[in-house]
Amino acid sequence: MTAVADTSTIVLFHSAYGLRPAVQEAADRLRAAGHEVVVPDLYEGQTAETVEDGMVIKERIGRDELLKRAITAAAPYSDRGLVYAGFSLGGALAQNLAVADDKARGLLLLHGTSDIADDTTVDELPVQLHVADPDPFEPHDWLNAWYLRMRRAGADVEVFRYAGAGHIFTDPELPDYDKEAAEATWRVTLGFLAGL
């Protein structure tokens, strides 16, 4: 497929649940909009039925190893100027990679963020966050501080909050699912990606 101005190469990282069907469906939705999407399996085939089981897998692999796997997965494409994206834990990993990559074209965070060092600088990196309101994993105080740090680092940040939705509200197979919030998220997301 020939790349055109409004398409991107996106690396999409899964949540603590692992590479579930909803992640592949999200990738297909992005591909249907003309984007190239890479979907790494950071858990190497393992998936979880509950968030608790997912956290066990995450802890067993370890944060440093997950970050290493994410970097290794993105590296072959990074010269293109990637859009880093992820769900919850995957969003945290995507953020870590995006702020360290001076060629990054964008950062799409679905349900999750990561801490950001005070000395981080990015050059007007477009960032979009979609998060439940309230979200037990992304409380208001944390999100407010995160937003200010990202802005101070130089990012162009948009935050979309969805009242009453569950944490990973875009996954139809999870109890968190909220169809209206999910469809709104994808509508806004596709506009964001088209504008990069």
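Pro21 counts as partly exposed, because its relative accessibility is 42%, a value between the 20% and 50% cut-offs. The model described here is predicted. Pro21 belongs to helix H1, which covers residues 21-32. Between Pro21 and Glu44 the C-alpha to C-alpha distance is 15 Å, with a sequence separation of 23 residues.

**Annotated span**

An unreviewed UniProt entry lists residues 8-194 as "domain: Dienelactone hydrolase". In the predicted model, 41% of this span is helix and 18% is strand.

**Cavity and pocket**

Rolling a probe the size of a water molecule over the atoms shows where empty space is left. The count gives one cavity of 30 Å³ or more.

| Space | Volume | Lining by class |
|---|---|---|
| Largest cavity | about 70 Å³ | six nonpolar, three polar and two charged residues |
| Largest pocket | about 390 Å³ | ten nonpolar, eight polar and four charged residues |

The lining of the largest cavity is made up of Ser15, Tyr17, Gly18, Arg20, Ala22, Val23, Phe87, Ile168, Thr170, Asp171 and Leu174.

The largest pocket has 22 lining residues, and those nearest its centre are Met55, Lys58, Ser88, Leu89 and Ala92. Two or more lining residues are contributed by each of helix H2 (51-61), helix H3 (63-74) and helix H4 (89-100). Helix H4 provides the largest share of the pocket lining, with four residues.

**Helix H3**

Helix H3, one of the elements lining the largest pocket, consists of twelve residues. From the first C-alpha to the last, H3 reaches 17 Å, close to the 16 Å expected at 1.5 Å a residue. Its buried residues are Leu66, Leu67, Arg69, Ala70, Ala73 and Ala74. Viewed down the axis of H3, these buried residues fall within an arc of 160 degrees, so they line one face of the helix. Asp64, Lys68 and Thr72 are exposed on the other side of H3. An α-helix has 3.6 residues a turn, so residues three or four places apart point the same way.

**Backbone geometry in the loops**

Most residues other than glycine have a negative phi, and most peptide bonds are trans. Ser88 has a positive phi, near 55 degrees, although this residue is not glycine. Ser88 sits in the loop between strand S3 (83-87) and H4. With 15% relative accessibility, Ser88 counts as buried, because buried means under 20%. Ser88 is also among the residues nearest the centre of the largest pocket.

For Glu124, another residue other than glycine, phi is likewise positive and near 55 degrees. Glu124 is placed in the loop between strand S4 (106-110) and S5. Its relative accessibility of 62% makes Glu124 exposed, because the cut-off for that class is over 50%.

A cis peptide bond joins Asp133 to Pro134, where omega is near 0 degrees. Pro134 lies in the loop that runs between strand S5 (126-133) and helix H5 (140-153).

Note on methods:
Residues are numbered from 1 along each chain as its sequence is written. This is a predicted model: local features need pLDDT of at least 70, side-chain atom pairs count only at pLDDT 80 or more; totals for chains, interfaces and linings use all residues. Side-chain values use heavy atoms; hydrogens and water are left out. On a 1 Å grid over the protein atoms alone, a cavity is a set of points where a 1.4 Å probe fits but cannot get out, and a pocket is an open set with protein on both sides within 12 Å along at least five of seven lines; lining residues have an atom within 4 Å of a point. Grid points are joined across faces, edges and corners, and a volume is the space filled by probe spheres set on the points. Ala, Val, Leu, Ile, Met, Phe, Trp, Tyr, Cys and Pro count as nonpolar, Asp, Glu, Lys and Arg as charged, and the others, Gly among them, as polar. UniProt positions are given in the numbering used here, feature names are shortened, and annotations may be inferred rather than shown by experiment. The expected span of a helix is 1.5 Å times one less than its number of residues. Buried means under 20% relative accessible area, exposed over 50%, partly exposed in between (1.4 Å probe, protein chains only). The arc is that of the directions from the helix axis to the C-beta atoms.
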